[in-house]
Amino acid sequence: MSYQVVVLEDDPGIATELTEALDLSGFEARSFGSLARIREHLSHHEAHLLLIDLGLPDGSGLDLLREVRSRSDVGIIVVSGINDEAERVAAIELGADDYLTKPFSIRELIARVRRLLNRSGNTAFTLTRHQLERRDVYRFHNYCLDTASMLLRSSECN
């Protein structure tokens with residue numbers, strides 16, 4: 001299986017270096033330089049792992065992190081030039097699995113990508129998102145799980 005790694009990086013040189021290194025390591029990598037372009041891509045394509053830069057021309061990578069994490073458990077590594085403790089903590093609290101500060105070693109990044117993908121298995125962004133868009137209700141014992149609202153109730157299910 002080939003993992004889809006999607007990179008959000010506004011510096012074209014860094015984006016090229018990341019996608020080439022990921023491709024050479026056996027991943028299928030695509031890079032995008034803005035929030036608008038990556039959002040469009042993610043609305044139609046699968047991603048097994050996201051590499052997200054924070055400082056972007058059209059906003060903060062933290063916004064994408066928050067959006068994705070609200071709908072998916074896909075692996076997310078923040079790769080940023082921001083070395084401020086408050087930003088690192090904010091990214092982790094919003095759901096980032098890892099945080100690397102630029103400059104970093106490509107070998108270290110690839111090792112972290114492999115570790116995260118091995119740990120998370122085949123979790124893909126679009127699969128989880130599509131499951132949540134369907135309105136499935138699962139019943140078990142005296143409980144109901146409504147996947148659209150993400151509510152677990154312990155009574156009659158409507």
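The model is predicted. The protein contains six helices and 10 strands. Of its 158 residues, 41% are buried. Among contacts with a separation of 6 or more, 58% join residues 24 or more positions apart.

**Helix 1 and helix 5**

- Helix 1 spans residues 12-24 and helix 5 spans residues 106-120; the two pack at an angle of about 55°, and their axes are 11 Å apart.
- This angle makes helix 1 oblique to helix 5, and the crossing of the two is right-handed.
- On the helix 1 side, the contact is formed by Glu-17, Leu-18, Ala-21 and Leu-22.
- On the helix 5 side, the contributing residues are Ile-106, Leu-109, Ile-110 and Val-113.
- By class, this contact comprises seven nonpolar residues, one charged residue and no polar residues.

- In helix 2 (residues 35-42), the buried residues are Leu-35, Ile-38, His-41 and Leu-42.
- Viewed down the axis of helix 2, these buried residues fall within an arc of 130°, so they line one face of the helix.
- Helix 2 packs with helix 3 at an angle of about 20°, with the axes 11 Å apart.
- Because angles under 35 degrees count as roughly parallel, helix 2 and helix 3 are roughly parallel to each other.
- Helix 2 passes helix 3 in a right-handed crossing.
- Leu-35, Ile-38, Arg-39 and Leu-42 of helix 2 meet Asp-63, Leu-64, Glu-67 and Val-68 of helix 3.
- The residues of this contact divide into five nonpolar, three charged and no polar.
- Leu-35, Ile-38 and Leu-42 are listed among the buried residues of helix 2 and also take part in the contact with helix 3.

**Arg-69 in helix 3**

- Arg-69 belongs to helix 3, which covers residues 61-69.
- Its relative accessible area is 19%, and Arg-69 is buried, since the cut-off for that class is under 20%.
- Beyond its neighbours within four places in sequence, Arg-69 is in contact with Val-74, Ile-76, Leu-94, Gly-95 and Asp-97.

**The cis peptide bond at Pro-103**

- The peptide bond from Lys-102 to Pro-103 is cis, with omega near -5°.
- In general, most peptide bonds are trans.
- Pro-103 is located in the loop that runs between strand 7 (98-101) and helix 5.

**Glu-46 in a loop**

- Glu-46 is placed in the loop between helix 2 and strand 3 (49-52).
- With a relative accessibility of 29%, Glu-46 counts as partly exposed.
- Glu-46 and Gln-4 are 42 residues apart along the chain, and their C-alpha atoms are separated by 6.9 Å.

**Ser-154 after strand 10**

- Ser-154 is in the segment that follows strand 10 (151-153).
- Its relative accessibility is 54%, and Ser-154 therefore counts as exposed.
- Setting aside its neighbours within four places in sequence, Ser-154 is in contact with Asn-142 and Tyr-143.
- Ser-154 and Arg-139 are 15 residues apart in sequence, with a C-alpha to C-alpha distance of 9.9 Å.

How values were computed: Residues are numbered from 1 along each chain as its sequence is written. This is a predicted model: local features need pLDDT of at least 70, side-chain atom pairs count only at pLDDT 80 or more; totals for chains, interfaces and linings use all residues. Side-chain values use heavy atoms; hydrogens and water are left out. Axes are lines fitted to C-alpha atoms, for helices over the stretch in contact, and angles run from 0 to 180 degrees between N-to-C directions. Helices (H or I, at least four residues) and strands (E, at least two) are DSSP runs, numbered from the N terminus. Angles under 35 degrees count as roughly parallel, over 145 as roughly antiparallel, 65 to 115 as roughly perpendicular and the rest as oblique. A crossing is left-handed if the near helix is turned anticlockwise from the far one by less than a right angle, and right-handed if clockwise. Contact means heavy atoms within 4.5 Å. Ala, Val, Leu, Ile, Met, Phe, Trp, Tyr, Cys and Pro count as nonpolar, Asp, Glu, Lys and Arg as charged, and the others, Gly among them, as polar. Buried means under 20% relative accessible area, exposed over 50%, partly exposed in between (1.4 Å probe, protein chains only). The arc is that of the directions from the helix axis to the C-beta atoms.
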